[in-house]
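Me: I would like to go through the terms used for this model and the values behind them. Please set each value against its definition.

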Amino acid sequence: MSKVTMDHAGASDVFNADEPYVNWHDETLWFVRHKRDKSSKMLPEWEELRTTASSIKHYVLSHLDTLLESFEAKAKENGVHVHWASNAAEHNEIVLGLLRKHKIDQMVKSKSMLTEECHMNEFLIKNGIDVIDTDLGERIVQLRNEPPSHIVLPAIHLKKQDIGDLFHEHLGTEAGATDPQYLTEAARQHLRDKFLTRRAALTGVNFAIAETGGFVVSTNEGNADMGAHLADIHIACMGFEKIIPRQEHLGVFLRLLARSATGQPITTYSSHFKKPREGQEMHIVIVDNGRSTQLGREDFRNSLKCIRCGACMNTCPVYRRSGGHSYHNAVAGPIGSILAPNLDMSKNADLPFASTLCGSCSNVCPVKIDIHDQLYKWRQVLVKAGHVPGGKKAGITAMSTVLSQPRFYQWSGRIGRSVMRAVPFMVNNGLNPWYKQREMPEPPKESFRDWYVKNRK
Amino acid sequence: MSAREKILQQIKANKPDATQLPERFTFNSNFSDPQAKFTESLAAVYTEVIVVSGTDELKYKIGEMYDGVVNRATTIPELSDWADFSLNVSDPHELETIEVAILQAEFGVAENGAIWISDKYLPHRVLPFITQNLAFVIPRKSIVDNMHDAYKVLTDTTGWGCFISGPSKTADIEQSLVIGAHGARSLVVFLVDSI
């Protein structure tokens, strides 16, 4: 696993260097959150749908083994090959093995956060396989040698000028062209050629149905279908928590997914795969990669209910102002910050602190994951396990000393107020993190407590 | 131990106590006019819904709409005179030059404008995606209210099927909506009383 060179706070500082850019990023995501609100309010049963989805997913967590076994049996009956991978390395080897067996060295891929989590592209490229991401946003970040910065909107951190320059360099579009219509058309032509010439296609899985052995893939662009239906071999990769018990349950999840993600009532394409087409091979790779460990963590297992809609990111005041890349994890934002420490506590110890604990993420989550509670609980686990830097720990200890002793607290407040009045530069300087992007307030003449003692009669 | 056994064993050891599935997981939308709602949902994704009484009117409409277009394909026997592109090919890659495909589909969903199409009505799965322009023909009486109702009627046991709601689109460049990402650049839905 690669070492993190900059923690979330450090990377956010860099992201915040350009103020108009951060404002634009913030507003763009807030706009998506707003579309989600409008769309969800059209359904009077919205809250009941969330509760229902959450309890179906809870049933899934408590019956995962039998549901997976039934899914596997049905899929095999349907003529689909099923593979199991304990970790990222096994997953990547299975995919490479299938491609080698068919002597294929070029593959198209539609969106799969799991393959990002497994760093599959890097692995395949090292082994001589040319992987083309076909979702427009993913193709853009792939050409830039970057990971996606958002699970639903992979290139949300980029301006159209960036993409215009990128396409000019790689796809030969006119220099300086930034019209989204024109740039998208160029990508369509470029990728159509890939779809028509690649013999293997890899897709993610949004939902896998235990009852039928089938799986559903949702896209707006149609890239998963273009790839899968033209290829000789279709490989679908899924984290094992993607299971739902019955096909009818899709009614609940498909109503929630797109509305929560972008405010659309449904994605353009909700493709239900069950059997390979004649002459085609279909493979499913079921991946654990830490999920069974998370299942055993009582406080954190609910994170496995996630359907990857991205609503928690769009609403998060920290995500909107720090960008997806600052989370140095395949899944960014609030949900990523409770999934990441499970994968690697020491590498991701900063992420549960990248939150104000305002609770907005939990309020928009379509499967009612208690995201902000889990962030709070991870902090405690991480401090106890010694993964939090000394400075932060010392600060928390000092804070606790002050706050737990009323007299000491009153005294510190008085000292603080007179210092701010007498020598304001002591707090109005770059060493004070509260001074960043803001002026310190005028210190009040007296504390509320002093005022109350005087006035309560 | 195989990865499969290891994973299943870990899950057994770590899973929470068993809970039950919720008894109720469907909701009624009770639209007073499902066809109007369906039309409105599709208008929001740049798709026109056209009501035609039967085959003759359908033929007249498509003759008008796709006048001058070459490489026209259809899965509807009554329209075979109109088509100039045969779907009787063995390799789906050969469909690449199709300009417009008019396809029989099964039913529509009012709440989101989604239309179900499957292997049952398709000689090639890639057809609704690879064609430059797409039209569906569905029975006017087939529209259901919402996705719960959709899965109640979805008894399809074929190998593949898809809900399609509108033309292919993307907003990956600065959230600007662009129609025609990889799949069809346009969609038209014909509601037919009888065919």
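**Terms and values**

Reply: UniProt, in an unreviewed entry, lists residues 94–192 of chain B as "domain: LUD"; UniProt positions follow the numbering used here, feature names are shortened, and annotations may be inferred rather than shown by experiment. This is a predicted model, in which local features need pLDDT of at least 70 and side-chain atom pairs count only at pLDDT 80 or more, while totals for chains, interfaces and linings use all residues. Residues are numbered from 1 along each chain as its sequence is written, and chains are lettered from A and ligands numbered from 1 in the order in which they are written.

Me: Why are strand 1 and strand 2 of chain B said to stand at the edges?

Reply: Strands are DSSP runs of E, at least two residues, and helices are runs of H or I, at least four, numbered from the N terminus. Two strands pair if DSSP finds at least two bridges between them. In chain B, five strands form an open sheet in the order 1-10-6-3-2, with parallel pairing. Strand 1 (48–52) and strand 2 (72–74) of chain B each have a single partner strand, so one side of each has no neighbour in the sheet.

Me: How do you know that strand 1 of chain B pairs with strand 10 of chain B?

Reply: Five bridges join strand 1 to strand 10 (residues 186–192) of chain B, and the definition asks for at least two. Glu48(B) stands opposite Val188(B) in strand 10 of chain B.

Me: What makes the radius of gyration of chain A agree with a compact globule?

Reply: The radius is taken over C-alpha atoms, and the globule rule is 2.2 Å times the number of residues to the power 0.38. For 457 residues a compact globule would have a radius near 23 Å; chain A has 25 Å, which agrees.
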